[in-house]
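Visitor: Hi! Could you walk me through this one?
Guide: Happy to. Here it is.

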Amino acid sequence: MNNNFKDHFYETPILITGHINPDGDAIGSALALKLLLTSMNIEATVSFDITGDLPSNLDHLPYKLITTPSEKRYKTVFVFDCGNSSRLGSLEPLVLNSEKVVVVDHHIDPTFGDLQMIDPNAASTTQVLYRIFKDEELEISKEIADCLMTGLITDTGRFQYSNTDAEVFTIAADLMSLGANLSLISEKIYGSIELNALKLQSAVIDRLELDQDLRFIYSIVYQDDYKKFNTTSSETDSLIDVVRLAKESNIALLLKEQNDGTFKGSLRSRTDFNVQQLASFFDGGGHKAASGFSSNLSIDEIIKNVKNEIRKQI
Ligand SMILES: [Mn+2]
């Protein structure tokens with residue numbers, strides 16, 4: 001297998017995808033490649049398994065380029081920000097049935113892919129993709145720079161998480177000189193939220209529970225909340241950042257009830273405490289400071305297990 005990224009642009013049809021219900025990093029990476037291929041007159045389909053709506057706070061990205069797959073079989077698939085093929089959701093069989101899968105990621109040890117371009121120390125997948133574009137002298141337009149910047153901003157919590165190192169700023173500076181609109185992207189992602197989603201936040205804040213000894217805080221979003229406040233789960237993507245604000249806590253968890261009654265958990269750590277290890281108890285994954293998992297246990301069972309795992313590590 002050829003190890004150059006751009007050598008894989010020519011076996012079509014091409015599918016570009018990432019993890020289910022993609023975030024700014026997955027969408028930003030996928031659309032950056034789509035825009036590059038378009039500029040090279042190469043056709044490609046960008047598609048994700050999306051259970052609700054795409055997040056409205058990322059709609060500065062060219063969402064119109066995201067469609068549904070039309071082919072039964074793809075020759076080449078590019079997968080971004082997805083460490084495990086099960087995280088592809090409904091697109092998993094289509095991806096695994098393709099001739100060749102190129103995985104670009106910053107998660108540890110992806111479990112699939114014919115070619116893996118991985119750096120678990122990178123802050124975002126768009127950072128890995130930026131390096132590839134530079135190494136292989138692929139042109140970064142203003143639109144591509146906006147896509148790459150979006151992943152860099154969301155995965156570093158606007159340059160605040162511990163994964164923000166000097167290289168992140170060097171890349172951000174270069175992307176700005178290429179035309180990326182940092183202030184517009186930041187305002188879209190962090191500076192504005194639907195009023196209904198803001199009211200839902202207030203209900204979730206009301207439910208916060210703190211364990212003072214463990215310095216652990218959590219809250220819950222129920223399916224009923226979306227109905228009550230007339231909003232969708234995609235509008236609650238940044239809610240964990242509100243939960244983790246509590247000064248009394250070092251570890252934060254937000255549980256979101258899913259359609260089928262199971263729960264998705266988002267974990268954050270503000271110390272050396274490794275929430276990836278905590279997530280792995282539930283077969284989840286992510287990074288040291290930010291991780292996630294899914295569970296079909298009850299809320300009480302999940303919280304009991306989380307607290308036990310915290311006790312083991314502290
Ligand atoms: Mn990512």
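Guide: The protein chain has 11 helices and 11 strands, where helices (H or I, at least four residues) and strands (E, at least two) are DSSP runs numbered from the N terminus. This is a predicted model, in which local features need pLDDT of at least 70, side-chain atom pairs count only at pLDDT 80 or more, and totals for chains, interfaces and linings use all residues. Residues are numbered from 1 along each chain as its sequence is written.

Visitor: What radius of gyration does the protein chain have?
Guide: The protein chain has 19 Å, which agrees with the value near 20 Å that a compact globule of 314 residues would have. That radius is taken over C-alpha atoms, and the globule rule is 2.2 Å times the number of residues to the power 0.38.

Visitor: And how much counts as buried?
Guide: 44% of the 314 residues. Buried is 20 or more other C-beta atoms within 10 Å of a residue's own, exposed is 12 or fewer, and partly exposed is in between, with C-beta atoms placed from the backbone.

Visitor: New topic: which peptide bond is cis?
Guide: The one from threonine 12 to proline 13 is cis, with omega near 0°. Proline 13 sits in the segment before β1 (14-18).

Visitor: Where is aspartate 283, and what is its phi?
Guide: Aspartate 283 lies in the loop between α10 (275-280) and β10 (285-286). Its phi is near 65°, a positive value in a residue other than glycine.

Visitor: Is aspartate 283 buried or exposed?
Guide: Aspartate 283 counts as exposed, because it has 11 C-beta neighbours inside 10 Å.
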